[in-house]
Amino acid sequence: MKRFIEESAILVVPDTGDMGIIIEVKYAHDGDLEKACWEALRQIEQTGYEDDLEDDGIDHVLKYGVACYKKRCKVMMAEKREA
C-alpha cells in the first residue's frame, strides 16, 4: 500500500492498484463540523489530487472530508468511479 502526504491531505493507493483514497482533515474552529467537511471535500477538488491518481491509471477514487472540533469528529465521503 502506498501512502503520500501532501500538505494536509493523505493519498492512499491500496496494493491492488484499482482504487485510490484521498483524505483531507480540517479543524472546525467555529464548531461547525459539516461546513468544515464540505470545505475539506472542496479542497480535494481544487487541489487536483484526484487528477494525480487518474494520471496513475486509477479510475475509482474515494474522497473523505474529515472535520474535528475538540473531542468531536465528522466524516463525509464523495466517490468517483469511471465507467
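## Questions on a predicted model

Leu53 touches Leu11, Val13, Gly20, Ile21, Ile22, Ile58 and Val61, leaving aside residues up to four places away in sequence. The model discussed here is predicted.

Student: In what order do the helices and strands of the protein chain run from the N terminus on?
Tutor: The protein chain has two helices and five strands, and buried residues make up 40% of its 83 residues. Read from the N terminus on, the elements run β-β-β-α-α-β-β.

Student: Which residues have the most contacts inside the largest nonpolar core?
Tutor: The elements that give two or more residues to this core are strand 2, helix 1 (33-47), helix 2 (49-55) and strand 4 (60-69), and the largest share, five residues, comes from helix 1. The core has 17 residues, and those with the most contacts inside it are Leu11, Ile22 and Leu53.

Student: How far apart are the end C-alpha atoms of helix 1, and what span should its 15 residues have?
Tutor: At 1.5 Å a residue, the 15 residues of helix 1 should span 21 Å. The distance between the end C-alpha atoms agrees with that expectation, being likewise 21 Å.

Student: Within what arc do the buried residues of helix 1 fall, seen down its axis?
Tutor: An α-helix has 3.6 residues a turn, so residues three or four places apart point the same way. The buried residues of helix 1 are Leu33, Ala36, Cys37, Ala40, Leu41, Gln43 and Ile44, and what covers them includes strand 3, helix 2, strand 4 and strand 5 (72-81). Seen down the axis of helix 1, the buried residues line one face of the helix, because they fall within an arc of 155°.

Student: Which residue follows helix 1 with a positive phi?
Tutor: The phi of this residue is near 80°, and the residue that follows helix 1 is Gly48.
The number given here is a computed value from the predicted model.

Student: How many residues apart in sequence are the parts tied together by the aromatic pair of Tyr27 and Tyr69?
Tutor: The structure holds one aromatic pair, formed by Tyr27 and Tyr69 in a tilted arrangement, with 6.0 Å centre to centre and 40° between the planes. Tyr27 lies in strand 3 and Tyr69 in strand 4, so the parts that the pair ties together are separated in sequence by 42 residues.

Student: Is Lys70 buried or exposed?
Tutor: Lys70 has its place in the loop between strand 4 and strand 5, and its phi is near 50°, a positive value in a residue other than glycine. With a relative accessibility of 65%, Lys70 counts as exposed.

Methods
Residues are numbered from 1 along each chain as its sequence is written. This is a predicted model: local features need pLDDT of at least 70, side-chain atom pairs count only at pLDDT 80 or more; totals for chains, interfaces and linings use all residues. Side-chain values use heavy atoms; hydrogens and water are left out. A nonpolar core is a set of buried Ala, Val, Leu, Ile, Met, Phe, Trp, Tyr and Cys residues joined through side-chain atoms within 4.5 Å. Buried means under 20% relative accessible area, exposed over 50%, partly exposed in between (1.4 Å probe, protein chains only). Helices (H or I, at least four residues) and strands (E, at least two) are DSSP runs, numbered from the N terminus. Contact means heavy atoms within 4.5 Å. Rings of Phe, Tyr and Trp (its six-membered ring) pair if their centres lie within 6.5 Å; planes under 30 degrees apart count as stacked, over 60 as edge-to-face and the rest as tilted. The expected span of a helix is 1.5 Å times one less than its number of residues. The arc is that of the directions from the helix axis to the C-beta atoms.
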